[in-house]
Amino acid sequence: MSRILTVAAAQLGPIQRDESRASAVRRMIALMRQAKGHGCDLVVFPEAALTAFFPHWWMEDEAEIDAYFESAMPSNETAPLFAEAQRLEIGFHLGYPELAIEGGRKRRFNTAILVDKSGTIVGKYRKIHLPGHAEHRPDAAYQNLEKRYFETGDLGWPVFEAMGARLGMMICNDRRWPESYRVMGLQGVEMIVLGYNTPKHNPWAPDHDRLGEFHNHLVMQAGAYQNASWVIGAAKAGVEAGVDQLGGSCIIAPSGELVAQAVTEGDELVFARCDLDLGKSYSRSVFNFAMHREPQCYGMIVERKGAVIA
Ligand code: CDT
């Protein structure tokens, strides 16, 4: 008997700086209802899905920065999303900036959670690959200040048993790094879910601009195939606070094939019936890790950070 998880990538159009969390949550609930109407078990929302993507601009005032973070989940503003998920009996994945007090100090992470059909948080991930820079670059078309506003995630890439599947999470820039997928592949992940905010223009490498959509799908398709896993990517797309962001939200099979993809840059649902056993053909043959990996030859991957040219 096949194991089907019907999954939606819930792409969001832009959230402008003056849009409230309550409004963003209303948009997400509308997509969640659509997903339920299509028989979905799980709906995947983007990275930092409750506000505009503030790492694109410089802030110094602590209170102003903190206002973009969630110190409780659910909170008063996000509770309706949890309540609706519970009512509809649908799971969801949500990205949000997290403010935590740990060891007596304030910590800020770019976080995502997995919520099951009862509205319970069953998994948490804190983004590990933070792109961009920490210093003020006022002359750039926009800034990419994740290294200023967030700490590197400290939870690794756990895999969670939920909704009858082995599920893992990553966030945006993580999808460009093979290590993110492989750590979960080595735990037998069956589906990886992620959200992204990806500008179309890279001020520091403008020669990449024409390839943005290609690179977006390239990395997720490669990660899916090489790790025999489904990959679901949900964008926050369109022109947000002056920054034009990629759409292309998608559902990718363990074969590496694109099964469904968004065709707009607004709020849009794409969904597919995902057979969780589809990856077995790959994990038992060409990517049978136990049979074919040679970890004794891979030491440099964890010992060395940057390339060294002898
Ligand atoms: N949010 C995030 O991680 N965005 C990065 C931007 C990279 S450079 C323009 C990404 O990898 O999509």
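I began at Met 169, which stands opposite Val 193 in strand 8. The model is a predicted one, and I read the entries below with that in mind.

**Strands 7 and 8**

I looked up how these two strands run. Strand 7 covers residues 165–171 and strand 8 covers residues 191–196, and they pair in the parallel sense. I noted five bridges between them.

**Helices on the sheet**

I next checked what helix 6 touches. Helix 6, residues 212–226, packs on the sheet and makes contact with strand 8, strand 9, strand 12 (250–252) and strand 13. Its direction makes about 30° with that of strand 12. I then turned to helix 5, residues 178–185, which lies across strand 6, strand 7, strand 8 and strand 9 (230–235). Against strand 7, helix 5 runs at about 160°.

I traced the strand order as 6-7-8-9-12-13, in an open sheet of six strands with mixed pairing. Which strands stand at the edges? I found strand 6 (159–162) and strand 13 (258–261) there; each has a single partner strand, so one side of each is left without a neighbour in the sheet. From one strand to the next, I have the twist averaging 20°.

**Helix 3**

I listed the buried residues of helix 3 (residues 79–88): Leu 81, Phe 82, Glu 84, Ala 85 and Leu 88. Viewed down the helix axis, these buried residues fall within an arc of 165°, so they line one face of helix 3. As background, I recalled that an α-helix has 3.6 residues a turn, so residues three or four places apart point the same way.

I then asked what covers the buried residues of helix 3. The cover includes helix 1 (21–37), strand 3 (91–102), strand 4 (105–115) and strand 5 (121–126). I also checked the residue after the helix: Glu 89 follows helix 3, and its phi is positive, near 55°.

**Whole protein**

I counted nine helices and 14 strands in the secondary structure of the protein. The C-alpha trace spans about 60 × 55 × 45 Å along its principal axes. For 310 residues, a compact globule would have a radius of gyration near 19 Å, and the protein has 19 Å, which agrees.

I noted that 54% of the 310 residues count as buried. The accessible surface comes to about 13,700 Å², and carbon and sulfur atoms hold 53% of it. Among contacts with a separation of 6 or more, I found that 71% join residues 24 or more positions apart.

Key. Residues numbered from 1 in each chain as written. Predicted model: local features only at pLDDT ≥ 70, side-chain atom pairs only at ≥ 80, totals over all residues. Heavy atoms only, no water. Pairing = 2+ DSSP bridges. Helix = DSSP H or I, 4+ residues; strand = E, 2+ residues; numbered from the N terminus. Axes fitted to C-alpha atoms, helices over the stretch in contact; angles between N-to-C directions. Contact = heavy atoms within 4.5 Å. Buried < 20%, exposed > 50% of the residue type's maximum accessible area, 1.4 Å probe, protein only. Arc of directions from axis to C-beta. Rg over C-alpha atoms; globule rule 2.2 N^0.38 Å. Areas by Shrake-Rupley, 256 points an atom, 1.4 Å probe, with all protein chains shown as cover.
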